[in-house]
Every structure is written in C-alpha cells, then in structure tokens.
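This briefing is meant to be read with the coordinates open. It begins with confidence and overall composition, then turns to selected local features.

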Amino acid sequence: MVMKKKRIICNKQQHNENLDGLCGQISKEGKRAVILGDFNAHHQEWLKSASVTNKRGMKLKQFSELHGLINLVHKPTRGKNMLDLVFVPSDAEGKVEVLAKIGTSDHKALKVSLDLGMEGIQIQEAPGRKVYHWSSANYREMQVEFKKTSFDFSHLSVQQSVDLVTSTINAVTDKHVPSVLISGTTKPIAWWTPYCQWAWERKQKAFKSGCKVCIMRATKCCVQVCRRAFNQHQLRLKIRLARAKGSREFWQTVKTYSGRGGGQRRKAAPPADDLAKYFATKMSLPGEEGKEVPPLEPAPPGSRKLRGFKITRAGVSKVLRSLDVNKSVGPDGVSPRVLKDCAGQLVAPLTRLFQKIGKAAEFPTSWKVARVTPVYKKEDASLPKNYRPISVLPTLATTFERVLMPQLASFLIEHIPSNQFGFLPDTGTLDVGVILADQISRALEARKDVRLVALDFQGAFDKVWWRGLLAHLWAVGVRSKAYQLFESYLVGQGPLRGGEWADLRASQHQIRCATGSYLVPPPLFVRNVRQRVRKALCLFYVNDLTLLLKVIGRNNEAAQNVQWDLSQDLKRLFCFGKEWLLELEASLGIGEHEVKEQKVLEILGFFNENNKGTWSQFSKSTATAARE
C-alpha cells in the first residue's frame, strides 16, 4: 500500500528470499519501506530466541543491517521466540505492543503504532450522534445534583448565563444517563441495551487477558444477555402491534422494524452544499434591503400596550411539566425529558435565567441557531427542490418562548380581524368550510351563481420581512422591553448566506432561522387586507385566502360585472403583496391583474348560457367536465 511521504508498507510471511530485490526497487523509486509479518527466523543474540540460530535468522539480520532497518518487537510472540517482526527505517518513530492471543491462533497479536510523517492530512472522525438510554437513567441522582448546583448569574452576561445552564444540564445528563455514540452511517440495533454493551466489553476484556476460563464464561454471559434482550424486544414489538389503533399505525410499525420504512430505493441525495444553497435561496427575501415600510393602520384609540413580559415561577413550572419528552433534542443538546423529570429542581434557575433575559431584552445568540435536516418529498431524489427543510430549535429556547407565548397571544388576539380563522381560539378550517358552504347553498337556493377564488401567500412564515414585522408590532402597541426583545430576537435571524455554508457536511446543517418558533407572531398583514378587498367576501386561514362573490343576475352582463369586481380586488391584493414583499401563488395568473375565468367556469359547468340553474343540468355538465 503506497502512502504519502514516499513510504511503502509490505506484509511478509515466511518468504524472505525476494526481500533484497523488493527493497532495491523501493530505493530506486526514492521510497522507504515498513516490513512486517511472521518471518519464522531464530537468532539467539539478535532476537533473543530460545531456539538455536538458523540460516533464515542470519540472513534476516544481514538484510536489516544492509538496508538500515530496525526491529520494533522486543517480546516473544509465540512461545519463547520472537517470530512476528516489524522492520522500519532506523530514523522512524514507532512502538509495538504485544497483546494476548486472538481466537484459535497460537501467535500473540501485535498492536503497531507508527509515525508515517503524513503532514497536512487531517483525519476527521466519522460524524455520529449520542443516543441516551433513558430507561436506565438515575433520575434520583440527577435531581439531587441539580438541587446542590448553584446557578449564579449575577456577574454574567445573558449569553454566558445560557452557556452555564446548558453546560451544567448536559454534564449532569452525561454523568447519570448511559449513552452510546452512533455513527452517522450505521443504524443502531433496536434491541441492543446497555447490558448488552457491558457484556460485550467484558467479553473483549477476557479475550485480551488470554485466560481460557474467563473467555468461556464471558462468552456464555454475553450470549445469554443478548438473547434475553432480543426476546424482550420481540415481546415489546408484539405488544405494540397488538395495541395499534388502526391499520396505518400497524403497518408503520411493521415497516419500521422490518427495515422497509424508507420506501423504495431511490437515487442518491444531492450534495450538502447544493441543499444548503437551495434552502438559503428558499428562505431569503429579495428586495428587502433599503425598502421603506408602507404606512400602517394604527391601533384603535385606547387600546392597551405590551411593554414587557411577566415571568413567574408558576408559569415556568407549568411549561416544564407539559413538555413532550418525545421531541427531538436541538443544537444545545438539552433533552426535554431532563427538563420535565427534573422540573422541581430546575424551575428556580430557569425562572431566574428567563427573567434576566426579559429584563435585559436580549435574546441569546446561541438560541438563534437551528439544526436543519433535509427531508425527501417525492419525484427525483437527486434534485434539491424535492427536499423540505425541517428545523429543530434549541430546547431551552422553545421553553422560553412557550413561557412568553400566552401573554403575547392574549395581546395580539385583539388585533387579529374576525375573518382570520387560523389564530383565534376554538376556530379552524371547519368554520371556513361551513361559511363557504352556507354562502354557496344560499346563492343556489336564490338561483344565483357564485364566483370563488382561492389564493395562497407563499412563504408567509419562511420569508418574513423582519422590518415590516417590527413595524406591525409597533403599530399594534408593542413598546419598551417587549419591543427591544423582539428586535434582538429578529436581528441575526434568516438563512446563512454565501460562504457560511461552505463548512456544512453530512445530512444535517446549522441555520439561523425562526421557522417553527413560538415567538413568530401570526401574519399581522391580515389587518390591512380588508382595506384592499372591497367587493368579495374575504376569509383567511393562516396564509390561505378565499374570495367569494355572488353573481346578481343570470346574464352575461352580471357575470362580467362580477368578473370585473374580482379582478379589481385581486389587482389591489397583488399591489399589496408587492408593498409587503408577499408572493401570491404564481400558477393563478394574478400578475396579469385580470381573471380570465369564463372558459374555466364553462369547463367546470358553473356558467353557460343554456344552464338554467337546475341541479340535474348542473350534474350533467360537471360529469362532462370530469370526463374532459
């Protein structure tokens, strides 16, 4: 095997007749050699052999002196003789450790450490993740240690305080929760437990000792422990399958444990750099730099102001005890399971930490980083556009945001218009459907036609104009520390740009993004939409917009009037989107400022001159359109 720095490593076993020719060829090429193997040579003076010096031992000594090689083995490798040798150049550095026998071999194993002098080559460890065995965690000791730990934030900044809490929680978790490091390229064995790991390590230790009795006992123990763990895993699997509530959950479990959960084999994923650039483009907002904020509708006179957040121990305790332990761990490494199970001991320091952040109105920089994983959607797996970015935020950050969320929601609910059904309590898509169905049924009973247009503001959460959002918050009455906290929270948000993606590798990336955050307010631009839609009934669900307008009359003139009114509303909506950097669904053709609906409506059977409004004729025309 040819290595850098012009060295060759050769494996030689018992046949040393051609060593002179091989070393001569290596010298001509300007390279150096490392020769090792079982030479079966005996030399009482040079190799301290117990056997009589033989002809092969004498030749081997002459060969090593001729080519300037030294032997690194100084202990017997078989019986009382050194038969396995390692020859390196005299100026090379290295050492050999003689280990116990492995398996049925009668030779001892050798552990060779050589300095090959390969400057400039950095060997990176394979990426991996730490998997905790929570069923074997010592929660009692964790609670006692958290109770004894003093979290002093008096002379620390906000970021230093967050780092102190994060490092302390992670250190206690590593100390009292067994864990294993899983390589990013291998899938962990589902039934492998800490006891299996202990038995395996005990077996390895026994093999190194060379004691046959210890090897036999350790092997028998390892087999019994692994067999018991495997049987218990099968029993848990049977119970889970028996308790499956439906066929979907049943088959998901079967696919997961049979190794078929990934679906059909597909092409290789695109390079990480391509995915990173695509996600950065998808989450960037062109045209935001230097753009002035349009005038806003002020809050009603006498409306209350939000000047700060009240953070209490009871509120923090309520959030900690309601955490979902099955949530993924974020970039901070803090598990929600630890926060929930040790809530009684962590509620006091976390309350003081959150109060310090609220008082300083400074959002920690480390909480603005999310771990983004590309999730395959459909079609060609080699194209970045067929992947969806899923971000996992730091656990402490989401906990802090959930503490503030009730106060923010109770304040902003006054400023969300009644036609928005996505953020009001006890409302949802069902309410939008009921209203639309009621309006359509009333129009049909009155022998009237209905025009309905469904729109979507693309990237309403992925592409948020931060300065526009801050202007909206100021307009509705967010002031003082609350406004400063939002401003600190939004500074530095957004996707990584340019060369910052260069060092990202593997399938997970770091990105500064508020996607999935609890503190991102609902789209407050809904407040200004009602000024633009003047004729049609406008219904919102989050960022989905539906316009409905009834046709007064059964002739072409009435239909053209409705078409004109809808076109004007949509034109104003399109201009509104340009003002606030919002994009409407491109496939709807809104950019032309005109709804060319006549042909589409005729195909769908909603409008034609021969249609008298009867249900039978409507059904026939719809069936014909479906066949077309």
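For residues 11-15, where pLDDT stays under 50, how many contacts beyond four places in sequence does the model have? The model, which is predicted, has 13 such contacts for residues 11-15. Where pLDDT is low, the predicted coordinates should not be read in detail.

**Confidence and overall composition**

- The protein averages a pLDDT of 79, and 76% of the residues score at least 70.
- Residues 603-615 are another stretch over which pLDDT stays under 50, and for these residues the model has 27 contacts beyond four places in sequence.
- The secondary structure consists of 19 helices and 16 strands, and of the 628 residues in the protein, 39% are buried.
- Among contacts in the protein with a separation of 6 or more, 70% are between residues 24 or more positions apart.
- The protein exposes about 36900 Å², of which carbon and sulfur atoms supply 53%.

**Helix α5 and its surroundings**

- Helix α5 (residues 194-209) has 16 residues and spans 23 Å from its first C-alpha to its last, which is close to the 22 Å expected at 1.5 Å a residue.
- Cys-196, Ala-199 and Ala-206 are the residues given as buried in α5, and because they cover an arc of only 85° around the axis, they lie on the same side of α5.
- On the other side of α5, by contrast, Lys-205 and Lys-208 are exposed.
- The cover over the buried residues of α5 includes α6 (212-242), and just after α5, Gly-210 takes a positive phi of about 85°.
- Lys-220 belongs to helix α6 and is exposed, with a relative accessible area of 55%.
- Although Lys-220 and Lys-203 are 17 residues apart in sequence, they are 9.1 Å apart in space, C-alpha to C-alpha.

**Strand β3 and its partner**

- Five of the seven residues of strand β3 (residues 32-38) are buried, so β3 is largely enclosed by the rest of the structure.
- Strand β3 runs antiparallel to strand β5 (residues 84-89), to which four bridges join it, and Ile-35 stands opposite Phe-87 in β5.

**Loop residues with positive phi**

- Asn-40, which lies in the loop between β3 and α2 (55-66), has a positive phi of about 55° although it is not a glycine.
- With a relative accessible area of 30%, Asn-40 is partly exposed.
- Arg-447, in the loop between α13 (429-445) and β12, likewise has a positive phi of about 55° without being a glycine.
- With a relative accessible area of 51%, Arg-447 is exposed.

Note on methods: Residues numbered from 1 in each chain as written. Predicted model: local features only at pLDDT ≥ 70, side-chain atom pairs only at ≥ 80, totals over all residues. Heavy atoms only, no water. Helix = DSSP H or I, 4+ residues; strand = E, 2+ residues; numbered from the N terminus. Expected span 1.5 Å × (residues − 1). Buried < 20%, exposed > 50% of the residue type's maximum accessible area, 1.4 Å probe, protein only. Arc of directions from axis to C-beta. Contact = heavy atoms within 4.5 Å. pLDDT = per-residue confidence, 0-100. Areas by Shrake-Rupley, 256 points an atom, 1.4 Å probe, with all protein chains shown as cover. Pairing = 2+ DSSP bridges.
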